[in-house]
Amino acid sequence: MPPPDSEILVREYARPIHAYLWRLLRDPSAAEECLQETFLRVATAAARGDPVTHPRAWLYAVATNTARSYGREIARRERREQELDPDLEDRSATVPEAAERRVRLRQVESAVGRLPPKQRTALVLRKYQGLSYDEVGAALGCSPASARANVYQALRHMREWLGEEGDS
Amino acid sequence: MTAGKAKRLKAHPGWEAWLGDNDRPARAPRLARDLDAILAAGPKPADWDQARRALQHKLQAAIPAPVYYGRIARSPVGALWLAVSEQGLVAVEFDRPEAEFRRSLERRTHRRALRADDPTDKARRQLLDYLKGRRRRFSLDVDLSHVSTFQRRVLHAAQAVPRGQVSTYGQIARQIGKPRAARAVGQALGSNPIPIVIPCHRVLGADGSLHGYSGRGGIRTKAWLLQLEQAQLPGFSAVP
């Protein structure tokens with residue numbers, strides 16, 4: 001297949017890729033920044049004439065890598081900030097107790113955040129971006145079977161952490 | 001996946017249905033519903049809007065826009081290709097295979113070339129009207145950013161030759177302050193990237209001969225264009 005035209009890729013995929021990055025990063029400005037980085041990488045590759053067989057899976061792969069390096073950068077920054085700011089935990093403890101539902105959702109959200117990156121991305125790609133396991137595999141650089149296993153491992157981990165071994 | 005895990009997952013048909021892995025209806029587990037509450041809706045439309053605008057901005061700054069090209073399938077001088085950038089017309093070419101035209105366009109402009117009717121519509125209409133005698137002059141911007149400074153000066157000088165009149169290579173050479181460069185002027189006009197619109201056909205040899213024309217039909221096309229413009233030729237004579 002000839003190199004994809006980055007303009008067409010933007011038109012067709014910028015929105016789902018933005019949603020994907022938002023789901024991974026849970027932060028509008030982080031998603032915005034990674035969206036730009038993703039499509040800059042895409043445009044560079046397109047300008048080089050790199051051949052691409054599955055544009056959608058390829059785009060998700062680029063977005064996944066972008067989000068991952070961004071996540072690492074954020075983690076570094078936060079670690080630094082925590083080192084600099086010993087009061088941080090005390091302050092968060094003084095946040096007034098929210099309603100039970102909000103607490104639960106926050107627990108679920110932090111469970112998502114604790115997932116190994118590959119499992120988290122596999123779950124989001126499959127469930128919320130609507131990719132087939134073939135495409136998830138292509139995006140994550142693994143087999144479709146491994147992609148599927150990662151999705152189910154993500155769910156199993158979260159059920160364990162949230163104390164939901166059984167069905168609910 | 002090990003058999004043990006597979007078995008455990010089978011015990012939760014709700015998960016498989018939720019993931020779309022089978023279509024047996026089953027109630028989604030509580031965790032699935034909570035995940036949906038967090039993730040299903042995705043970003044707010046306003047966030048997407050903002051991200052889209054920022055993306056466009058970023059890409060425009062980082063990547064040169066493509067040039068768009070289109071075709072006039074039939075004209076009095078045969079089929080024509082033409083191309084526009086955001087600055088104006090970058091190319092008019094007499095008929096040749098599309099892939100060849102596109103490649104040479106991309107090589108010359110260092111941009112991607114995309115075939116598109118809309119962006120080239122105005123130029124196509126003006127060109128066709130001109131060739132059919134329905135228009136006397138062009139009101140099109142030209143983009144000469146991809147030619148050498150020397151060629152640009154020559155082409156600007158040729159552009160200044162009014163319809164119905166002609167000039168010579170020597171005159172153009174003198175005009176741009178290079179009186180000895182008549183031959184180079186001839187070459188610069190011979191590789192005019194925007195023939196017809198930049199009227200290199202109005203520039204003749206010192207003896208008033210048509211000399212040459214790179215378009216399809218060569219000198220015949222040049223003579224035809226001059227005739228269309230009712231040019232007053234000093235001692236009209238086509239040199240083969």
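View 1. The model is predicted. Chain B contains 10 helices and six strands. Of its 240 residues, 33% are buried.

**View 2. The open sheet of chain B.** Four strands of chain B make up this sheet, in the order β3-β2-β1-β4. The sheet is open and its pairing is mixed. β3 (88–94) and β4 (113–115) of chain B each have a single partner strand and stand at the edges, so one side of each lacks a neighbour in the sheet. From one strand to the next, the twist averages 25°.

**View 3. How the strands of chain B are joined.** Strands of a sheet pair through backbone hydrogen bonds, and the pairing is either parallel or antiparallel. Strand β1 (residues 67–72) of chain B and β4(B) run parallel, joined by three bridges. One pairing to locate here is B:V67, whose bridge partner in β4(B) is B:A113. β1(B) and β2(B) run antiparallel, with five bridges between them. There, B:G70 has B:L82 of β2(B) as its bridge partner. β2(B) and β3(B) also pair, with six bridges, and run antiparallel.

**View 4. The hairpin of β2(B) and β3(B).** Two residues separate the strands of this hairpin. B:S85 has its bridge partner, B:G88, in β3(B). Even so, β3(B) is mostly covered, with five of its seven residues buried.

**View 5. Side chains of β2(B).** In a regular strand, side chains alternate between the two faces of the sheet. In β2(B), B:L80, B:L82 and B:V84 point one way. B:W81, B:A83 and B:S85 point the other way. How many of the six residues of β2(B) are buried? The count is six of the six, so β2(B) is largely enclosed by the rest of the structure.

**View 6. Helices α5 and α6 of chain B across the sheet strands.** Helix α5 (residues 98–109) of chain B lies across β1, β2 (80–85), β3 and β4 of chain B. It runs at about 145° to β1(B). Helix α6 (residues 117–131) of chain B lies across β1, β2 and β3 of chain B. Its angle to β1(B) is about 45°.

**View 7. The buried residues of helix α10 of chain B.** The helix covers residues 219–228. Its buried residues are B:T221, B:K222, B:L225 and B:L226. Why do they fall on the same side of α10(B)? They cover an arc of only 135° around the axis, which puts them there. B:Q230 follows α10(B), and its phi is positive, near 50°.

**View 8. Packing of α6 and α8 in chain A.** Two packed helices are described by the angle between their axes and the distance between the axes. For helix α6 (residues 117–128) and helix α8 (residues 144–161) of chain A, the angle is about 105° and the axes are 8 Å apart. That makes α6(A) roughly perpendicular to α8(A). α6(A) contributes A:K118, A:Q119, A:R120, A:A122, A:L123 and A:R126 to the contact. α8(A) contributes A:A147, A:N150, A:V151, A:Q153, A:A154 and A:H157. By class, the contact has five nonpolar, four polar and three charged residues.

**View 9. A:L131 in its loop.** A:L131 lies in the loop between α6 and α7 (133–140) of chain A. Is A:L131 buried or exposed? It is buried, because 23 other C-beta atoms lie within 10 Å, and the cut-off for buried is 20 or more. Leaving out residues up to four places away in sequence, A:L131 touches A:Y60, A:L125, A:R126, A:V136 and A:A139. A:Y60 is 71 residues from A:L131 in sequence, yet their C-alpha atoms are 9.7 Å apart in space.

**View 10. Where chain A touches chain B.** The contact involves 36 residues of chain A and 32 residues of chain B. On the chain A side, α1 (6–25), α2 (28–48), α5 (100–114), α6 and α8 each supply at least two residues. The chain A residues that touch chain B divide into 21 nonpolar, three polar and 12 charged.

How values were computed:
Residues are numbered from 1 along each chain as its sequence is written. Chains are lettered from A and ligands numbered from 1 in the order in which they are written. This is a predicted model: local features need pLDDT of at least 70, side-chain atom pairs count only at pLDDT 80 or more; totals for chains, interfaces and linings use all residues. A residue is buried if 20 or more other C-beta atoms lie within 10 Å of its own, exposed if 12 or fewer, and partly exposed in between; C-beta atoms are placed from the backbone. The arc is that of the directions from the helix axis to the C-beta atoms. Axes are lines fitted to C-alpha atoms, for helices over the stretch in contact, and angles run from 0 to 180 degrees between N-to-C directions. Angles under 35 degrees count as roughly parallel, over 145 as roughly antiparallel, 65 to 115 as roughly perpendicular and the rest as oblique. Two residues are in contact if their C-beta atoms, placed from the backbone, lie within 7 Å. Ala, Val, Leu, Ile, Met, Phe, Trp, Tyr, Cys and Pro count as nonpolar, Asp, Glu, Lys and Arg as charged, and the others, Gly among them, as polar. Two strands pair if DSSP finds at least two bridges between them.
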